[in-house]
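We will go stop by stop.

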Amino acid sequence: MTFRATVLTLYPEMFPGTLGLSLAGRALTEGTWSLDTLQIREFATDRHRTVDDTPAGGGAGMVLKADIIAKAVDHASPQGDPRPRLLMSPRGRPLTQARVRALADGPGAVILCGRFEGVDQRVIDARGLEEVSIGDYILSGGEIAAQVLLDAVVRLLPGVMGNLASGEEESFESGMLEHPHYTRPAEFEGMAIPDVLTSGNHKKIAEWRRAQALALTRARRPDLLDEK
Ligand code: SAH
């Protein structure tokens with residue numbers, strides 16, 4: 001089954017962007033997933049193709065209009081479309097590997113990219129848009145955030161990653177950060193590769209990696225351990 005992504009944006013030319021290259025790009029060419037963009041401006045009704053207006057109550061910036069966004073969302077995702085409707089938003093629930101995995105197990109996603117100050121609250125409510133954040137900082141638009149989300153999802157689709165095992169050992173999949181990596185040369189600027197990794201003892205290597213992962217997680221992200 002193909003994972004179908006539809007992105008609603010004022011900048012369709014930003015896509016596929018990074019998603020056209022490397023793993024995601026190959027998977028796109030091979031039809032493992034599909035990507036359609038929809039220009040929000042096409043749903044504007046006036047001569048000037050207006051999509052935004054000044055905020056009610058005053059203040060800086062502009063707000064994407066509910067009526068225009070509703071038409072774009074309804075066009076992209078008619079009733080019965082099983083795909084979740086996402087709005088990239090710094091106010092959303094922070095994206096996690098668990099949410100990414102759930103999306104990858106589903107039929108696809110309809111993703112609205114905000115611009116300006118954001119989107120009229122009424123269309124977020126009326127169309128049940130799930131707000132998703134990629135972190136506690138403000139981007140100028142949702143397009144890069146949408147690419148982050150899709151990149152994380154697409155690499156999990158069946159057949160996209162050559163080495164299936166590598167997905168399972170990654171940071172967060174085990175609830176911890178990943179252990180450090182080393183490769184040749186055996187010595188770099190006076191530093192050797194830890195002996196255990198060249199010992200050939202797979203049980204010892206697994207234990208060492210688990211201990212390193214735990215120590216790193218404790219030092220850098222104790223919050224990940226608290227949640228268990
Ligand atoms: N005034 C808003 C920020 C608007 S930024 C606020 O303070 O909450 C413009 C658009 O960029 C947003 O509508 C959203 O689509 C996108 N965006 C910005 N930061 C983001 C983030 N951390 N995660 C996801 N999308 C983001």
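Strands here are DSSP runs of E with at least two residues, numbered from the N terminus. With that in hand, select strand 5, residues 85–94. Three residues of the shell around the ligand come from strand 5, the largest share. Bear in mind throughout that this is a predicted model.

**Stop 1: the shell.** How many residues surround the ligand? There are 19. Pick out the closest: Met88, Gly114, Glu117, Gly135 and Tyr137. Next, colour the shell by residue type. Nine of its residues are nonpolar, eight are polar and two are charged.

**Stop 2: the contacts.** Show backbone atoms and zoom in on the nitrogen atoms of the ligand. Start at Glu117. One of its backbone N or O atoms is 3.0 Å from a ligand nitrogen. Move to Ile134. Here a polar backbone atom lies 3.1 Å from a nitrogen atom of the ligand. Finish at Leu139. A backbone N or O atom of Leu139 is 3.0 Å from a ligand nitrogen. How much of the ligand does the protein cover? On its own, the ligand has 560 Å² of accessible area, and the protein covers 85% of that. The ligand sits in the second largest pocket.

**Stop 3: the domains.** Zoom out and colour two ranges. The domain assignment gives domain 1 as 3–154 and domain 2 as 169–226. Their centres, taken over C-alpha atoms, are 37 Å apart.

**Stop 4: two cis bonds.** Select Phe15 and Pro16. The peptide bond between Phe15 and Pro16 is cis, with omega about 0°. Pro16 is in the loop that runs between strand 1 (3–9) and helix 1 (22–30). Then jump to Arg184 and Pro185. A cis peptide bond joins this pair too, and omega is near 10°. To find Pro185, look in the loop between helix 6 (164–169) and strand 8 (187–188).

**Stop 5: a backbone angle.** Last, select Arg49. Which loop holds Arg49? Look between strand 2 (33–39) and strand 3 (52–53). Is phi of Arg49 positive or negative? Phi is positive, near 60°, in a residue other than glycine.

Key. Residues are numbered from 1 along each chain as its sequence is written. This is a predicted model: local features need pLDDT of at least 70, side-chain atom pairs count only at pLDDT 80 or more; totals for chains, interfaces and linings use all residues. Side-chain values use heavy atoms; hydrogens and water are left out. A residue is near a molecule or strand if one of its heavy atoms lies within 4 Å of it. A polar contact is a pair of N or O atoms within 3.5 Å; within protein, one must be able to donate a hydrogen and the other to accept it, and residues adjacent in sequence count only if both atoms are side-chain atoms. Accessible areas come from the Shrake-Rupley method with a 1.4 Å probe; for residues, only the protein chains shown count as cover. On a 1 Å grid over the protein atoms alone, a cavity is a set of points where a 1.4 Å probe fits but cannot get out, and a pocket is an open set with protein on both sides within 12 Å along at least five of seven lines; lining residues have an atom within 4 Å of a point. A molecule sits in a cavity or pocket if more than half of its atoms lie within 2 Å of its grid points. Helices (H or I, at least four residues) and strands (E, at least two) are DSSP runs, numbered from the N terminus. Ala, Val, Leu, Ile, Met, Phe, Trp, Tyr, Cys and Pro count as nonpolar, Asp, Glu, Lys and Arg as charged, and the others, Gly among them, as polar. Domain bounds come from an automatic or database domain assignment.
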